[in-house]
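Please open the structure in your viewer and keep the sequence beside it, so that each selection can be followed in both places. The tour goes from one selection to the next.

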Amino acid sequence: VTFKRSFVMQSTEVTQAQFEALMAYNPSLFPECGQDCPVDNVNWHEAAAYGNALSVHEGFATCYACTGMGVDVICALDGMYTTPYDCPGYRLPTESEWEFAARAGTTTASYNGNMDEQHMMCEQPNPVMDPIAWFCGNSAGMTHPVAMKEPNAWGLYDMLGNATEWCHDWFNAYPETSVSDPWGMSLGTERCIRGGGFGNPAYMARAAERAGIDPGTRNYTLGIRLVRTLPDAP
């Protein structure tokens, strides 16, 4: 994958406090975790709508065309943009952007090294996962405040574990050739999710692990991390 455009990514998952401040509600199934915990139980449309709200708050153009409000909102990429990379506002990362950022220059299973066959599920202790990720082996079955684990080399926290993160793309097979600025299919039935969550086994927190689910799905592990395309250099 080659990126023609630079982008910035939020260093943490969107917190319950951040989401509620702009959206005026908190859908999380773990409110007792606290305002510094990742917002959870959001579907893809709510994640996109939050991106729009943050764009408006910070004076950027919105990336998604949305109808409805709150838990009933429905969103899609605004038709004025050919690809998500063209929008200057906040949006969900493409799957390629997410993996590039998660790896932070590494090529191992996680940005903390490779996993061994004896530590692929919920085994404890886990020398690779424990320092960087909340997963089924150490989370006690719930989310935790963001940025409590070690970040990757680019200062991004919880890229693996804690909340599973929505990506922009419709889920499909990878192309068989090199690509520039990929963003999946223009239509589909499932959106990509990445990073694994607090209830998942270690193997699901691999940087290369991918899955797709219906964009209307809401569950206890689904959260948000946004990106923004940077203007072209003069």
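What follows is a walk through helices, a contact between two of them, and several residues in loops.

This is a predicted model, in which local features need pLDDT of at least 70 and side-chain atom pairs count only at pLDDT 80 or more, while totals for chains, interfaces and linings use all residues. Residues are numbered from 1 along each chain as its sequence is written, and side-chain values use heavy atoms, with hydrogens and water left out.

**Stop 1: helix α2**

Begin by selecting residues 44-58, which form helix α2; helices here are DSSP runs of H or I with at least four residues, strands are DSSP runs of E with at least two, and both are numbered from the N terminus. Helix α2 has 15 residues and reaches 21 Å from its first C-alpha to its last, close to the 21 Å expected at 1.5 Å a residue, where the expected span is 1.5 Å times one less than the number of residues.

Is α2 largely enclosed or largely open? Twelve of its 15 residues are buried, so α2 is largely enclosed by the rest of the structure. Buried means under 20% relative accessible area, exposed means over 50%, and partly exposed lies in between, with a 1.4 Å probe and protein chains only. Among the buried residues of α2 are Trp44, His45, Tyr50 and Leu54. To see what covers the buried residues, display elements including α1 (16-23), β2 (64-67), β3 (74-77) and β5 (164-170).

Now look at the two ends of α2. At its start, a side-chain oxygen of asparagine 43 reaches to within 3.1 Å of the backbone nitrogen of histidine 45. After α2 comes glycine 59, whose phi is positive, near 85°.

**Stop 2: α1 against α2**

Two packed helices are described by the angle between their axes and the distance between the axes. Here α1 and α2 pack at an angle of about 70°, with their axes 10 Å apart. That makes α1 roughly perpendicular to α2, a term for angles of 65 to 115 degrees, whereas angles under 35 count as roughly parallel, those over 145 as roughly antiparallel and the rest as oblique. The axes are lines fitted to C-alpha atoms, for helices over the stretch in contact, and the angles run from 0 to 180 degrees between N-to-C directions.

Which residues of α1 meet α2? Gln18, Phe19, Leu22 and Met23 in α1 meet Glu46, Ala49, Tyr50, Ala53, Leu54 and His57 in α2, where contact means heavy atoms within 4.5 Å.

**Stop 3: the loops on either side of α1**

Select threonine 15, in the loop between β1 (7-9) and α1. At 7% relative accessibility, threonine 15 counts as buried, and, leaving aside neighbours within four places in sequence, its contacts include Gln35, Asp36, Cys37 and Val146.

Then move to asparagine 41, in the loop between α1 and α2. Asparagine 41 counts as buried, at 9% relative accessibility, and its phi is near 65°, a positive value in a residue other than glycine. Most residues other than glycine have a negative phi, and most peptide bonds are trans.

**Stop 4: helix α3 and glutamate 95**

Next select α3, residues 95-103. Eight of the nine residues of α3 are buried, so α3 is largely enclosed by the rest of the structure. The buried residues of α3 pack against β1, β4, β5, β6, β7 (210-213) and β9 (227-229).

Within α3, pick out glutamate 95, which is buried, with a relative accessible area of 7%. A polar contact of 3.0 Å joins the side chains of glutamate 95 and arginine 194; a polar contact is a pair of N or O atoms within 3.5 Å, and within protein one must be able to donate a hydrogen and the other to accept it, while residues adjacent in sequence count only if both atoms are side-chain atoms. Following α3 is alanine 104, whose phi is positive, near 50°.

**Stop 5: the loop between α3 and β5**

Finish with proline 125, which is in the loop between α3 and β5. A cis peptide bond joins glutamine 124 and proline 125, with omega about -5°. Proline 131 is in the loop between α3 and β5 and counts as partly exposed, at 27% relative accessibility. Proline 131 and lysine 149 are 18 residues apart in sequence and 5.9 Å apart in space, C-alpha to C-alpha.
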